[in-house]
Amino acid sequence: MNMHDSEVMAGILENIGYVAAENKEQADVLLINTCCVRETAENKIFGLMGKLRKLKYEKPSLIIGIGGCMTQQEKVAEKIKTRFPFIDLIYGTENYHRLAELLKTAQGSQKTVLELSHQINPVIEGLPIKRASGFRAWVVVTYGCNNYCTYCIVPYVRRSERSRQPAHIILEVKDLVAHGYREITLLGQNVNSYGKDLEQPLDFAGLLAEVNKISGLDRIRFITSHPRDFNKRLIETISSCEKICEHIHLPVQAGSNHILKKMNRGYTREHFINLVESIRQSIPGVSITTDIMIGFPGESDKDFQDTLDLIEKIRFDSAFTFIYSQRRGTPAATMEGQLPDYVKSERIKVLIDIQNKISKEINLQEVGKKRWLLVEGTSKTNKKLLSGRTRSNKTVIFPGPHFLNGKIVEVEITEGKLTHLAGKWLDNYY
Ligand code: 5AD
Ligand code: SF4
């Protein structure tokens with residue numbers, strides 16, 4: 001969602017005549033888009049601002065703005081204003097549609113301009129957008145979140161859930177297809193609750209079925225799904241719509257019922273296991289990835305073992321693993337039983353080792369299979385190789401001519417590594 005927001009901010013800047021600078025030294029305006037989901041993300045931003053101080057003193061005409069989730073927290077915004085007075089503009093998650101005006105005000109002001117919205121905006125349509133890719137695009141379906149998982153700050157900074165009108169979503173996708181886009185990813189903190197607030201209700205399965213009808217579109221993805229709201233109708237829709245890719249990101253967070261309850265996740269480990277079983281039965285070849293957190297307050301050795309046991313049972317294709325981070329204002333931040341750092345670091349190591357072993361084993365099973373990839377560009381580590389993604393969201397690198405960029409190509413998988421696969425192009429593409 002943050003990356004998508006950055007694309008909108010870049011679009012707004014382009015709309016008022018700015019072009020992308022080669023580097024930060026050449027820039028006239030620098031905007032930092034922040035995340036506050038974990039403390040490490042916030043610390044990085046504080047570190048970065050220390051460095052930007054020098055740049056500002058060398059070039060006083062430079063405008064530095066900082067926005068996003070982190071600055072939406074009033075106390076943090078005030079802290080930035082006092083500690084880094086050279087920052088020209090501070091704005092929140094609900095203010096970036098006003099970026100053009102805010103920049104103008106900041107340019108004419110000696111003081112830091114601070115704008116945080118205290119009310120929740122209705123969905124704002126029609127903002128300009130400068131997308132990073134010419135063939136894959138993010139399309140927002142819901143803003144905000146109503147779930148209030150007890151560890152999570154998102155509902156406080158992104159506010160309550162609002163669904164976009166289906167007609168606006170369909171129009172955006174059609175327009176993308178007309179401009180050569182082949183894959184779209186529908187975005188929301190919890191896509192499964194899409195539509196609950198619409199006057200003429202349409203659920204997420206219904207929306208997917210509508211998007212699937214758009215001719216010229218090749219692939220549909222969506223993030224993020226909530227295990228509590230992932231119903232049978234949705235599984236059937238994914239299984240019957242040919243454009244919907246066989247990949248589901250389904251954050252489990254923990255494998256212990258005691259912890260899941262304290263997290264307010266609204267499901268049990270048994271529910272999760274049954275859900276994965278139904279998904280796998282109905283959608284052949286589906287890959288399932290997850291988010292897992294360790295070190296939630298009160299997590300005992302037994303709770304942690306339950307999480308390890310669950311990941312061994314489910315065998316996720318891959319997982320984002322997190323150390324619980326105390327977020328001010330969330331219920332978990334003041335719960336008893338906060339764990340010391342050394343326990344958390346030991347547990348995360350064990351978890352990562354087990355998950356890595358599973359991911360590698362699953363990737364090795366891909367060797368010899370034929371897969372269709374959407375080519376996304378050159379490999380990050382070796383510019384001579386191309387990189388693409390299977391429908392199951394696995395990255396494959398392979399040697400091939402550069403005109404394949406943006407094409408859907410067939411490869412045979414030759415190697416299975418921990419984070420990606422290697423392949424051989426089979427001369428087919430469209
Ligand atoms: N500490 C650690 N991880 C968190 N996440 C959300 N809040 C926290 C927190 N306080 C993780 C969850 C979520 C992912 C996007 O970030 O696993 O799914
Ligand atoms: Fe945070 Fe839970 Fe909402 Fe995800 S579903 S954004 S973890 S509150």
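Threonine 321 counts as partly exposed, at 23% relative accessibility; the class spans the values between buried (under 20% relative accessible area) and exposed (over 50%), with a 1.4 Å probe and protein chains only. The residue is found in strand S12, where strands (E, at least two residues) and helices (H or I, at least four) are DSSP runs numbered from the N terminus. The model is predicted: local features need pLDDT of at least 70 and side-chain atom pairs count only at pLDDT 80 or more, while totals for chains, interfaces and linings use all residues. Residues are numbered from 1 along each chain as its sequence is written, chains are lettered from A and ligands numbered from 1 in the order in which they are written, and side-chain values use heavy atoms, with hydrogens and water left out.

**Threonine 321 in its surroundings**

- Beyond its neighbours within four places in sequence, threonine 321 is in contact (heavy atoms within 4.5 Å) with Ile292, Ile348, Leu351 and Ile352.
- Between the C-alpha atoms of threonine 321 and serine 117 there are 32 Å in space, for 204 residues in sequence.

**Overall architecture**

- The protein has 13 helices and 17 strands.
- Its radius of gyration is 22 Å, close to the 22 Å that the globule rule gives for 430 residues, so the protein is as compact as a globular protein of that length; the radius is taken over C-alpha atoms, and the rule is 2.2 Å times the number of residues to the power 0.38.
- Along the principal axes, the C-alpha atoms fill a box of roughly 60 × 55 × 50 Å.
- Of the 430 residues, 52% are buried.
- Among contacts with a separation of 6 or more, 73% are between residues 24 or more positions apart.
- The accessible surface is about 20200 Å², and carbon and sulfur atoms hold 52% of that area; accessible areas come from the Shrake-Rupley method with a 1.4 Å probe, and for residues only the protein chains shown count as cover.

**Ligand 1**

- The surrounding residues (one heavy atom within 4 Å of the ligand) are Val37, Arg38, Tyr151, Gln253, Asp291, Met293, Phe322, Ile323, Tyr324, Ser325 and Arg327.
- This shell divides into six nonpolar, two polar and three charged residues, where Ala, Val, Leu, Ile, Met, Phe, Trp, Tyr, Cys and Pro count as nonpolar, Asp, Glu, Lys and Arg as charged, and the others, Gly among them, as polar.
- Strand S11 (287-294) and strand S12 (318-323) each supply at least two residues of the shell.
- An oxygen atom of ligand 1 lies 2.6 Å from an N or O atom in the side chain of glutamine 253, and a polar side-chain atom of aspartate 291 is 2.6 Å from an oxygen atom of the ligand.
- A polar backbone atom of serine 325 is 2.8 Å from a nitrogen atom of ligand 1.
- Taken alone, ligand 1 exposes 400 Å², and the protein buries 85% of that.
- Glutamine 253 is buried, with a relative accessible area of 8%, and lies in the loop between strand S10 (247-249) and helix H10 (257-262).
- The phi angle of glutamine 253 is near 70°, a positive value in a residue other than glycine.

**Ligand 2**

- The shell of ligand 2 consists of Cys145, Asn147, Tyr148, Cys149, Tyr151, Cys152, Val154, Pro155, Gln189, His226 and Arg265.
- By class, these are seven nonpolar, three polar and one charged residues.

**Serine 163**

- Serine 163 lies in strand S7 (residues 162-163) and is buried, with a relative accessible area of 7%.
- A polar contact of 2.5 Å joins its side chain to that of aspartate 197; such a contact is a pair of N or O atoms within 3.5 Å, and within protein one must be able to donate a hydrogen and the other to accept it, with residues adjacent in sequence counting only if both atoms are side-chain atoms.
- A polar side-chain atom of serine 163 also lies 2.9 Å from the backbone nitrogen of glycine 195.

**Asparagine 405**

- Asparagine 405 lies in the loop between strand S15 (395-399) and strand S16 (408-416) and is partly exposed, at 35% relative accessible area.
- A polar atom of its side chain is 3.1 Å from the backbone nitrogen of glycine 377.

**Backbone geometry**

- A cis peptide bond, with omega about 0°, joins isoleucine 223 and threonine 224.
- Aspartate 427, in strand S17 (residues 421-429), has a positive phi of about 70° although it is not a glycine.
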